[in-house]
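Please open the model in your viewer and keep the sequence beside it, so that each selection below can be found in both.

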4 protein chains.
Amino acid sequence: MKRYARTVRFDEVDIAGVVFFARYLNYGHEAMEDFFAGFEGGYAGLVKSRGVGFPAVNAEVTYTASLRLGDPFFIDTSVLHIGNTSCVFGYRIWRSGPDGTELDCARIRHTCVVCNLPAMTKLAIPSDIRAHLSAHLQAEAT
Amino acid sequence: MKRYARTVRFDEVDIAGVVFFARYLNYGHEAMEDFFAGFEGGYAGLVKSRGVGFPAVNAEVTYTASLRLGDPFFIDTSVLHIGNTSCVFGYRIWRSGPDGTELDCARIRHTCVVCNLPAMTKLAIPSDIRAHLSAHLQAEAT
Amino acid sequence: MKRYARTVRFDEVDIAGVVFFARYLNYGHEAMEDFFAGFEGGYAGLVKSRGVGFPAVNAEVTYTASLRLGDPFFIDTSVLHIGNTSCVFGYRIWRSGPDGTELDCARIRHTCVVCNLPAMTKLAIPSDIRAHLSAHLQAEAT
Amino acid sequence: MKRYARTVRFDEVDIAGVVFFARYLNYGHEAMEDFFAGFEGGYAGLVKSRGVGFPAVNAEVTYTASLRLGDPFFIDTSVLHIGNTSCVFGYRIWRSGPDGTELDCARIRHTCVVCNLPAMTKLAIPSDIRAHLSAHLQAEAT
C-alpha cells in the first residue's frame with residue numbers, strides 16, 4: 001500500500017459543499033500517478049518516454065462518507081490483481097473521523113489494461129512495472 | 001429511455017486524444033440532468049427549489065470503446081431500479097460505428113439515494129419523480 | 001458574431017451555487033470550437049486532420065454578473081483582431097435579465113497564435129480560416 | 001510572496017500534452033487557497049466558518065511557456081493591490097528552465113472583491129486578512 005495525502009480544494013466541491021462523485025476517479029488516478037513516482041520521470045516518464053499507458057476497462061466507486069471543502073484526506077493505493085496485460089488498482093479514500101479513527105469515504109476498484117501508446121495495443125506488463133505492482137499486491141477485501 | 005446528444009470537446013480529451021475515464025461520470029450526470037428537464041426549473045429546480053438531491057452511493061463504469069475529440073455521441077438514460085429512497089440510473093454511451101451501427105463506448109450503473117438538501121437525509125421518492133422514473137424503467141441487461 | 005446556447009450544469013458551479021471563475025475560459029473555448037463548426041470535421045478536424053492549433057498567449061475575463069446552476073445562457077463569439085499569425089477572439093457571455101434584457105455576465109478577450117501542431121511553430125493563418133475570421137470581425141468595444 | 005509547489009497531472013493536459021489555458025486560473029486559485037493556509041481552518045475556514053469569499057471581477061493570464069505532463073512547477077503568489085473591499089492577487093507560474101533558471105510559464109492578475117457569503121455583499125476587508133495581504137504586497141511589474 002502506498003499512501004497519498006491531499007486536501008479538498010475549492011474547485012472540487014459542488015453546490016452542496018461536498019466533492020462531486022465523478023472527481024473520486026480523478027483522485028484515484030492522481031494517486032495512481034503518485035504510485036509510479038519512483039520510476040524514471042515518474043508516471044509522466046512511463047507515458048511519454050516509454051509509451052506505456054493504463055486505459056481503464058472498468059471502474060467502480062463505492063461512496064460511504066462525503067469529503068467537504070478543506071478536508072484533509074488520504075488515498076491508500078494497492079494492487080488487487082495482476083494479469084498478463086492487465087491489473088486492478090484499489091484506492092481507499094479516507095479522512096480522520098470525529099473520534100480520530102480512519103473514516104472511509106470511498107473505495108475504488110480500477111481495472112486497467114496495459115498498453116503501448118499511441119497504438120493502444122495490449123502490452124505484456126514490463127518486468128519493472130510488474131515488480132512494483134507485485135510489491136503492493138494485497139488480498140481484496142470481500 | 002431518454003436520449004441525449006453531445007460532441008466531445010477539446011477540454012475533455014487527454015494526451016492520447018481520448019476522453020479521460022473519470023469524465024464518463026460527468027457525462028452520466030449531465031444526461032441525468034437532462035433526464036429531469038421536464039420538471040419545473042429542470043434538474044436545477046429540483047435541487048434549488050425543492051431541495052431534492054441524488055447523492056451517489058455507487059457508480060460503475062464499463063469502458064468498451066474510446067471517444068475522441070470531436071466525436072458526436074449519445075447517452076441513453078434509463079432507470080434500472082426504483083426503491084423507496086433510492087434508484088439506479090443506467091447510461092449507455094455510444095457513437096456511430098464505422099459501419100453505421102451503434103458502437104457502445106461505455107455503460108454506467110449509477111446508484112443514488114434520494115435526499116433532502118441540505119440536510120442530506122433520506123427522502124421517500126416524491127410521487128412525480130417516482131412516476132418519471134417508472135416511465136423509464138427498463139430491465140437491466142445481464 | 002456567432003451565438004452559442006448553453007445551460008449551466010451541476011458540475012460547473014461551486015459551493016456558492018455560481019459558475020467558478022476559471023470555467024468561463026472553458027466556456028469561451030467551447031464557443032470557439034462551435035465557431036469553427038462549419039469546417040470539415042469541425043474544430044476537431046482543424047486540430048486532428050490539418051494540425052492547426054490556437055494556443056493562447058493572453059486571456060482576460062471581466063466578470064459582471066454571476067451564472068447559477070440551471071441558468072440558460074449565451075456566448076456571442078466575435079473576432080476582435082486578425083494578424084498574420086495571431087488573432088483575438090471576443091466572447092460575450094450573457095443571460096436573460098429579470099426584465100427580459102440581455103444581462104452581461106462576462107466578457108473575454110482571448111488572444112491566440114495560430115500554430116502548426118504538434119511542432120507548435122507559428123503559422124500564417126490559412127486563407128479559409130482567415131476568411132471565416134474576417135466574416136466575424138467586429139470593432140472592439142472601448 | 002508565498003511559494004507553492006505542484007506537478008502537472010495527467011488530467012490537466014490536453015491532446016497536445018500541455019496544460020489547457022483555462023486551468024491556469026484553477027492553479028491560481030489553488031495557490032490562493034494555499035496563501036490563506038495559516039488562517040484557522042485555512043481558506044475553507046474563511047469560506048465556511050467566517051463566510052468570507054473572494055469572487056473575481058477580473059482575471060488576466062499571460063502565457064509565455066507551456067507546462068507539460070509531469071512538469072514540476074511553482075506558483076509564487078503576491079498581492080498587487082489592496083483596496084477597501086477588493087484586492088488584486090498576482091500569480092507567477094514558473095518551472096526550471098533547461099539551464100537551471102526560472103522559466104516563466106504564465107502570469108496572472110486576479111482582481112477580487114471581498115464579500116460576505118452567501119449574501120454576496122461587499123465587505124470591508126477584515127483586519128487579520130488585511131494584515132496578511134499587506135505582508136505580501138509587492139510592487140506590480142511594469
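Begin by selecting strand 1 of chain B, which gives four residues, the largest share, to the lining of the largest pocket. A pocket is an open set of points on a 1 Å grid over the protein atoms alone, with protein on both sides within 12 Å along at least five of seven lines, and lining residues have an atom within 4 Å of a point. Strands are DSSP runs (E, at least two residues) and helices likewise (H or I, at least four), numbered from the N terminus.

This is a predicted model, in which local features need pLDDT of at least 70 and side-chain atom pairs count only at pLDDT 80 or more, while totals for chains, interfaces and linings use all residues. Residues are numbered from 1 along each chain as its sequence is written, chains are lettered from A in the order in which they are written, and side-chain values use heavy atoms, with hydrogens and water left out.

The largest pocket holds about 710 Å³ of space, a volume being the space filled by probe spheres set on the grid points. Next select Tyr4(B), Arg6(B), Glu30(B), Tyr4(C) and Arg6(C), which are the closest to its centre among 31 lining residues.

Now move to His29(B), in helix 1 of chain B. This residue is buried (under 20% relative accessible area, 1.4 Å probe, protein chains only), with a value of 4%. Leaving aside neighbours within four places in sequence, His29(B) is in contact with Phe20(A), Phe21(A), Tyr43(B) and Phe10(C), where contact means heavy atoms within 4.5 Å.

Note on methods
1 Å grid on protein atoms, 1.4 Å probe; cavity = no way out; pocket = protein on both sides within 12 Å on 5 of 7 lines; lining within 4 Å. Buried < 20%, exposed > 50% of the residue type's maximum accessible area, 1.4 Å probe, protein only.
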